[in-house]
Amino acid sequence: MRARWAVGVILLVVACGGAVGQPAAQTSASSTRVESPPASSTEPTNSPGVLPLTTLDFSCTLPVYGHAELNTGAFISFPAATLSPTNESGYYYDRAVSRWVPVNREAVSPDGRRYAYTDGWTLNPPTAPTLHVIDAATRNELRVATMPDAQPYQVIDFTSTGIYLVISFEGTAPGVWRFDPATGTTAKVSDGYYQPAGAGWIRLIDPSDPDPATSAMTGQPQPDRIDRRDVAGANVTWFYKPGFAVFGVGFVGTPAVLVEADRQDLSPTMYTSELWLVTAPGKQVRLAAYSGNGQAPTTNTDLSSGIFSAIADQRGIWIGGGHSVYLVKPNGAILRVYGESGYPANGCF
């Protein structure tokens, strides 16, 4: 939880149950703003305690990783909620090739045939990392390229237009780079935190916030607003929380954004954290809220730990955690569907 305050997270546009479609954005407050309808909010649909287990009324199989007793991937079969380990490990189950891959879904190509990762960066002596593009079915290397300098580059998106990377270690530095798998060339495409063209979800600082949240590491103001940018470049505000640092994962299959809003309180170890489901501009349901020092393993912190690995499909948004697996329904109801640790590695099929 505390790492969220130190790391500048790039907000990704996540395809429904699949790989990321467009690189994400974080802009300055100078972006064009289109006013959204008045906010419509409701209070949490569930109590802060551990939720009862729910038996689902449909059948599907959810791939998961991170089960406490397994070193491999697994499948949870619903409605019985039975766990079946596999003999492969990874963070994403690539249905296009029926294999587990060792990267998160944003590093997998839209067709599921390739994935990318970096390795080899060292601070002392300074060593530039290597980018690898891999055939997902055979695990053979298709491209190997050395990044421009000795910085900790990380893949944030693998799209039809290229592989996008940022410099990220204990924080994320400004700048976005694009690698072209066809030519093997790398070019810097933005000096900021965002890809300058295309539709996407955008994190920014609203100029009307009198006291925006600041990073515990750098002291810099943190984004307090999430907008949706269309292909023409116009922004519509979906979520705004003054005084909070907001992070989210957007889902384009059934437009929604899952938002975590964090606020530092009286000391570096005290904070307030909220989880919201936003289904339209200004239309949001608060799923959970927690204030404390992050030591108590509650339902709220469990949900928070899985927000950036959440995956959506036609049934809702699957969220993993260190204690349970959850399904957030489109109406904001949270169902605890599996009573052990696990994180979704694709949609439920």
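Two strands count as paired if DSSP finds at least two bridges between them. Strands here are DSSP runs (E, at least two residues), numbered from the N terminus. The model is a predicted one, where local features need pLDDT of at least 70, side-chain atom pairs count only at pLDDT 80 or more, and totals for chains, interfaces and linings use all residues. Residues are numbered from 1 along each chain as its sequence is written, and side-chain values use heavy atoms, with hydrogens and water left out.

**View 1. An open sheet of 4 strands, in the order β7-β6-β5-β28.** The pairing is antiparallel. β7 (82-85) and β28 sit at the edges with a single partner strand each, so one side of each has no neighbour in the sheet. β6 (residues 74-78) meets β7 over 4 bridges, and Ser 77 stands opposite Thr 82 in β7.

**View 2. The disulfide between Cys 60 and Cys 348.** A search of the whole structure turns up 1 disulfide (cysteine sulfur atoms within 2.5 Å), with S to S at 2.0 Å. Cys 60 lies in β5 (residues 60-65) and Cys 348 in the segment after β28 (343-344), so the pair ties together parts 288 residues apart in sequence. Both Cys 60 and Cys 348 are buried (under 20% relative accessible area, 1.4 Å probe, protein chains only).

**View 3. Ile 163 and its contacts.** Leaving out residues up to four places away in sequence, Ile 163 touches (heavy atoms within 4.5 Å) residues including Val 133, Val 155, Trp 177 and Phe 179.

How values were computed
Buried means under 20% relative accessible area, exposed over 50%, partly exposed in between (1.4 Å probe, protein chains only).
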